[in-house]
Amino acid sequence: MSVFHPSALNRLAVDVADRPFMERFAHTYRRLLPQRVGRLVATIAEGDLDGAHDAALSLRVSSGIVGAHELFDLASHVAGRLRTGDLFGAGARARLIPAVADRTDLALSSYLGGSVTTSRLQRVHAVADAADGADQRGGLAELAPQVADMDLHEVGVGCPVGAPD
């Protein structure tokens, strides 16, 4: 499964007959990606089944539109687990999402010719890593204050990007 394939964005540009719109949409997806991932991780950590399901569906739909196949598949799996009430199974799979989001951001950045939102995604990784430790200790709810303190609206520090692997 590829992390990203540009055919979805190219199809969007054709469907709306407006390549600049497609590029704005893709840039907005990248800008909101850390927030979407952070919200999913946070709501699972808080045990908020409905909020987590909403966050998983948001990530799934937006990832499908831009062609972020790996994120789409992961978010679909998480949403399926949440639909059956399996918060533990959803959380286990959701822990993979921050790393996939990093790869997706790199691929989209390369395609769009921009910079990577690394600093924001690294903060999401830190919360996901903390979720691993909290879950092993038996309580994900202790992460809620850490997630609430995250400024997911901050502007990421740009860094040059080469071609994706």
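Modeller: Handedness first: a crossing is left-handed if the near helix is turned anticlockwise from the far one by less than a right angle, and right-handed if clockwise. Keep in mind that this is a predicted model.

Colleague: Fine. At what angle do helix 1 and helix 2 pack, and how far apart are their axes?

Modeller: Helix 1 (residues 7–16) packs on helix 2 at about 135 degrees. Their axes lie 8 Å apart. That angle makes helix 1 oblique to helix 2, because only angles over 145 degrees would count as roughly antiparallel.

Colleague: And is the crossing of helix 1 and helix 2 left-handed or right-handed?

Modeller: The crossing is right-handed.

Colleague: Which residues make the contact?

Modeller: From helix 1, L9, N10, L12, A13 and V16. From helix 2, R19, F21, M22, F25 and A26. By type, the residues of this contact divide into eight nonpolar, one polar and one charged.

Colleague: What does T43 touch, leaving out residues up to four places away in sequence?

Modeller: T43 touches D48, G51, A52 and A55.

Colleague: Next, L57. Where is L57 found?

Modeller: L57 is in helix 3, which covers residues 49–66. At 31% relative accessibility, L57 counts as partly exposed.

Colleague: How far apart are L57 and R36 in space?

Modeller: 10.0 Å, C-alpha to C-alpha. In sequence, L57 and R36 are 21 residues apart.

Colleague: Switching to helix 5. Which of its residues are buried?

Modeller: Helix 5 runs over residues 87–94, and G89, A90, G91 and A94 are buried there.

Colleague: What covers the buried residues of helix 5?

Modeller: The cover includes helix 2 (19–46), helix 4 (69–83) and helix 6 (97–112).

Colleague: Zooming out, how many helices and strands are in the protein chain?

Modeller: Eight helices and zero strands. Along the sequence, the pattern reads α-α-α-α-α-α-α-α.

Colleague: What share of the chain's residues count as buried?

Modeller: 41% of the 165 residues. As for the accessible surface, the chain's total is about 8,000 Å², and 55% of that belongs to carbon and sulfur atoms.

Colleague: Last one. Among contacts between residues at least 6 apart in sequence, what share join residues at least 24 apart?

Modeller: That share is 69% for the protein chain.

Definitions and conventions:
Residues are numbered from 1 along each chain as its sequence is written. This is a predicted model: local features need pLDDT of at least 70, side-chain atom pairs count only at pLDDT 80 or more; totals for chains, interfaces and linings use all residues. Side-chain values use heavy atoms; hydrogens and water are left out. Buried means under 20% relative accessible area, exposed over 50%, partly exposed in between (1.4 Å probe, protein chains only). Helices (H or I, at least four residues) and strands (E, at least two) are DSSP runs, numbered from the N terminus. Contact means heavy atoms within 4.5 Å. Accessible areas come from the Shrake-Rupley method with a 1.4 Å probe; for residues, only the protein chains shown count as cover. Axes are lines fitted to C-alpha atoms, for helices over the stretch in contact, and angles run from 0 to 180 degrees between N-to-C directions. Angles under 35 degrees count as roughly parallel, over 145 as roughly antiparallel, 65 to 115 as roughly perpendicular and the rest as oblique. Ala, Val, Leu, Ile, Met, Phe, Trp, Tyr, Cys and Pro count as nonpolar, Asp, Glu, Lys and Arg as charged, and the others, Gly among them, as polar.
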